[in-house]
Each structure stands twice: as C-alpha cells, then as structure tokens.
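Have the sequence and the 3D view ready as you read.

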Amino acid sequence: MIRGLLDTPGSYSALAAAVHRDDLRPTALAAIRSLVEQDIDEGRPWPSEAARWLSRAGADWQTSAALANHLAWYARSRRNSALAHLVGTDHLTQPGTDRIHAQALRHIHLAALRFDFRCRSIQQLLDQVPGSERARWDPYTRALAAFALLGSSAAGALEALDRSLAEAGDNPQVCHALLHGLWLGDGLPDQAEHILELAAWPTFDDDDPVMLFRTATAWRSLGRRSEALAVIDRALEALDPNQSDVHADLVRERALITALAREPQHDRGH
C-alpha cells in the first residue's frame, strides 16, 4: 500500500514534509523504509539514498540504527548488499558537516559487515578513525565496535560489552549486536552465562526467535540438553515463515542439541 502511494504525484515532497510532523513521522519513516526497499529489490545502489532520507528527517541515532539495521539485513537477503555500493571511508573518518548522513552510512556499513561476521574488517575500519572522532561516536557505533571485539574474542571485549550496556542497554539494536557478538565469540570467559544474562534483559521480547536461538546455543554449550531443546523449539515456533535462512540456522542448532547425550532420568527437572 505504501509503495503504491509513493508513485502518486507530489508524494516525495509530501514525505519530506511529513517526517517533521510528530503525528505523521512514524508513517513517514515506514514509507522511507519501503522506498529504499524498492531500490534494493530492483538492484539499485541504495545506501546513499537511505542516508539522505535519514538526514532529511533529522534522525537521532536510535532511528538511524533501527532503519540501517533493517535495511542492511534486508539487502543481504536480496543479494544487494550495502558492501557492493559503499566506497571509501570518509563517513567513518571525516564525516563533514552533515553528521546525520555520515552516521547513517556508518551504521549501514558496519551492520552489513556484522551480518557477514566480518569482525576483523570492522576492527580494521574503526582503527582508522581519529581519536577525536571516536569520542563522538553514537552508542550503536560503539556497540558494533564491541560486537567486533566479542566476535573475535579480543582483549577488552567483555569490558566493551559492559560499557555499551551501561550506555544504551535499553536499545534493541544495541542489545542484539552485543548478543550476536557474545554468541559468535570463541572461548570468552563465562561466555554462555553472559549470553543467558543478556538474553534475560527486558529489552528483548520473550518470543524473539533470534534471542531464543542464541540462548539455546548457550544452554547447549553448558550441556543442558533439555533446556536447549525447549528453547530452540520455542524459537522455531516464533519464527516468521518467510525467514528461510534463519530457519536453516535454527534447524542446524536443533540438530546439534539433539546430538547431545540425554540427561539421566533422575537429573531432569533440576
């Protein structure tokens, strides 16, 4: 419906005005998302267009993070990754006067790398950023930096996790990025316990299938077969039927869980 409305004369001007009205802003942002999705579906370059709309909207970091996160994942699923279109690193190192535009490109760039599990690439990119600019990073950028440290099990990863949670632990994009990094890491101290602790934060919906998936992995790593199996089955039930790629991840996790030895009968329920 929204895509059809965008084809009407004058719709772009109306949309540019609507993002500045409190009563119309949520609908306008949904229209912007739909507009960029259309570019993605048609194979066109899209990150700069998304950043321009976020700049027009005067988006705060939370709005930018939410839209960038969604679009980076959507584009990856449509084989039109942001990484095919982003050129240079000015949006990271020299953001210029339009900081909202640069922030949006930074969010899109780092989120796309995150979804490809490219922790080293994130670290290499962010290592180029001058200290004065790093001090101005928004909380989502810092969470993505923490994700890269966690995912590569680097020194200081858990400290970066704690700092991000203290700064913006009520933001869903921040919490998902940190949980993803914890899940991806290898051999972090008390890794499974940290996953379970973060997954219990009220920021997550109880039926969030991705959170449940990562929780199931934590239970499996602790050898808790029955808990892991119960949680992964909840994740499968909660998953959107169109998310076939995520479904495949869940099925693989379930196979790993069922390969665990069953607990002795007298241990069940403890």
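## Reading a crossing

A crossing is left-handed if the near helix is turned anticlockwise from the far one by less than a right angle, and right-handed if clockwise. Helices here are DSSP runs of H or I with at least four residues, numbered from the N terminus.

This is a predicted model, where local features need pLDDT of at least 70 and side-chain atom pairs count only at pLDDT 80 or more, while totals for chains, interfaces and linings use all residues. Residues are numbered from 1 along each chain as its sequence is written, and side-chain values use heavy atoms, leaving out hydrogens and water.

## H3 and H5

Start with H3 (residues 25–41) and H5 (residues 61–77), whose axes (lines fitted to C-alpha atoms over the stretch in contact) lie 10 Å apart at an angle of about 25 degrees. H3 and H5 are therefore roughly parallel (an angle under 35 degrees). Their crossing is right-handed.

Contact means heavy atoms within 4.5 Å. Among the residues that meet are Leu-29, Ile-32 and Arg-33 of H3 and Thr-63, Leu-67 and His-70 of H5.

## H12 and H13

Now turn to H12 (residues 172–184) and H13 (residues 191–199): their axes come within 9 Å and cross at roughly 160 degrees. H12 and H13 are therefore roughly antiparallel (an angle over 145 degrees). This crossing is left-handed. The contact includes Cys-175, Leu-178 and Trp-183 of H12 and His-194, Ile-195 and Leu-198 of H13.

What does Leu-178 touch, not counting residues up to four places away in sequence? Its partners are Ala-143, Ala-146, Leu-150, Leu-161, Ser-164, Leu-165 and Leu-198.

Key:
Axes fitted to C-alpha atoms, helices over the stretch in contact; angles between N-to-C directions. Helix = DSSP H or I, 4+ residues; strand = E, 2+ residues; numbered from the N terminus. Parallel < 35°, antiparallel > 145°, perpendicular 65-115°, else oblique.
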